[in-house]
Amino acid sequence: WRAPESARVFLTEWLRMCSRFREKRRPALTRSLKTATTSRAPVRKHGMAFTKQTLKGMVKSGDRFFHSLLHSLQARSKKAPIVLFGAGEGGRKTKALLEKAGVTPAFFSDSDARKWGRLVAGLPVIPPVCIAELPHPHVVISASDTAAIARSLRAIGVEGIEARLYLMLQTIPYRDAFLRNQDELERVRALLADARSLHTFDALCAHAFSLNAALLSSVCEPRQYFFGEPFAVHQGDVFVDVGAWQGDTLRAVLRRFGARFHSVHCFEPNAESCAALRAFIRARHLCGKVFAHPVAVGDAPGRAYFSGTGTGYHRSGEGEQGASVAMTTLDAVFARSRVDFIKFDIEGAEPEALRGAQKIITRGLPRLAVCIYHAPEHFWEIPLMLAKMVPEYTFYLRHHSRGLYETVWYAARR
């Protein structure tokens, strides 16, 4: 059996725990997980999908697996250099955790050439090609796109790769918040309209409690924002893209539906990303139908402060280092015009943007696609806010990645 020692430990403990539950004539943990993650399994509409005993078992097994990974890395660090791939905020947090566990990383690496040769948290940043030149290196991925990074590392001959630890680190705050707010999660689950949404919700909870991202594989929906009727861009629609970045959602609209819409309004506060978006609009000759607004969207007009780069460009506090950007509300922009479909993906500022769009939402009941994964509390705060704001909505949930991110709450009129 070629599985790493940490995986063997985890699977052995998992099977032993399931066997113990069966011996006591309790529902097997595996049966509950199957119910949560298999779309063909029967689904229970009300209440959580797990018994308290099953939930406790998932949390315990997740902790064991997490600590087994740390022990494995501790043993490896004595024989070979540990390299953290991803020299951003996630890398710094991963470094602090590893050092607390007795693991001393030797280097950072990053695909951003501007970071090469610099010191980050006291460690030098080396180019990815230099990793393969180290003696038997072991790479701990500390950035979000773990699968793509692992593929690129294997392409240059790097074999020792740990991609799970970072995902587990990102999930632990969600697990702790979910455990504290089970009543709110039950209320959210009761809002969901179809079996796929219920299975997705249960899989997300199982993943959070057990720290096992593999449980999301059966509910991953590749068609983000436009997975089928009524969530499509129809002839003559006014589509609003809040958090447009460089036009990735606009490209998806054009690819799937063509330019049959009436208009698309893209809101992107990052000047560099908005410039790239405008260049794309000009190149596709869409200037009369697609409009790029270089402003932030919130709950009141004014100024907003941002930090970060690229897709991680996010709101920061006033006075913190970052850019100051004009902010508006959707109610102000569309006070005299209709809106048919709104997508929100603005790095955690979705609740404020929804409050600033309350008038147009209650007036016209546009279809909504709202990202709820940027903060643990958004998993219940945003759904419950929309349910209170518009009781006429029907709600759906889809997850669009094999990790923690890209969970979207959908709403459409009944």
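**Entry 1: strands around E13**

I looked up the pairing of strand E11 (residues 302-307) with E13 and found five bridges, the two strands running antiparallel. Strands pair here if DSSP finds at least two bridges between them. Strands (E, at least two residues) and helices (H or I, at least four) are DSSP runs, numbered from the N terminus. Opposite Phe306, I noted Ala323 in E13.

I then turned to strand E10 (residues 296-297), which is joined to E13 (residues 323-328) by two bridges. E10 and E13 run parallel. Val297 has Thr328 of E13 as its bridge partner.

**Entry 2: basis of the values**

I record that the model is predicted, that local features need pLDDT of at least 70 and side-chain atom pairs 80 or more, and that totals for chains, interfaces and linings use all residues. Residues are numbered from 1 along each chain as its sequence is written, and side-chain values use heavy atoms, with hydrogens and water left out.

Two packed helices are described by the angle between their axes and the distance between the axes. I took axes as lines fitted to C-alpha atoms, for helices over the stretch in contact, with angles from 0 to 180 degrees between N-to-C directions.

For helix H7 (residues 182-189) and helix H8 (residues 195-210), I found that the axes come within 11 Å and cross at roughly 160°. H7 is therefore roughly antiparallel to H8; the cut-offs are over 145 degrees for roughly antiparallel, under 35 for roughly parallel, 65 to 115 for roughly perpendicular, and oblique for the rest.

Which residues make the contact? On H7 they are Leu185, Val188 and Arg189, and on H8 they are Leu198, Phe201 and Asp202. Contact means heavy atoms within 4.5 Å. By class, I list four nonpolar, no polar and two charged residues. Ala, Val, Leu, Ile, Met, Phe, Trp, Tyr, Cys and Pro count as nonpolar, Asp, Glu, Lys and Arg as charged, and the others, Gly among them, as polar.

**Entry 3: helices H9 and H10**

The axes of helix H9 (residues 248-257) and helix H10 (residues 271-283) come within 10 Å and cross at roughly 25°, which means that H9 is roughly parallel to H10. I found Leu250, Arg251 and Leu254 of H9 in contact with Leu277, Phe280 and Ile281 of H10. These residues divide into five nonpolar, no polar and one charged.

**Entry 4: the chain**

I noted 14 helices and 17 strands in the chain. Of its 414 residues, 52% count as buried, that is, under 20% relative accessible area with a 1.4 Å probe and protein chains only.

Terms used. Buried < 20%, exposed > 50% of the residue type's maximum accessible area, 1.4 Å probe, protein only.
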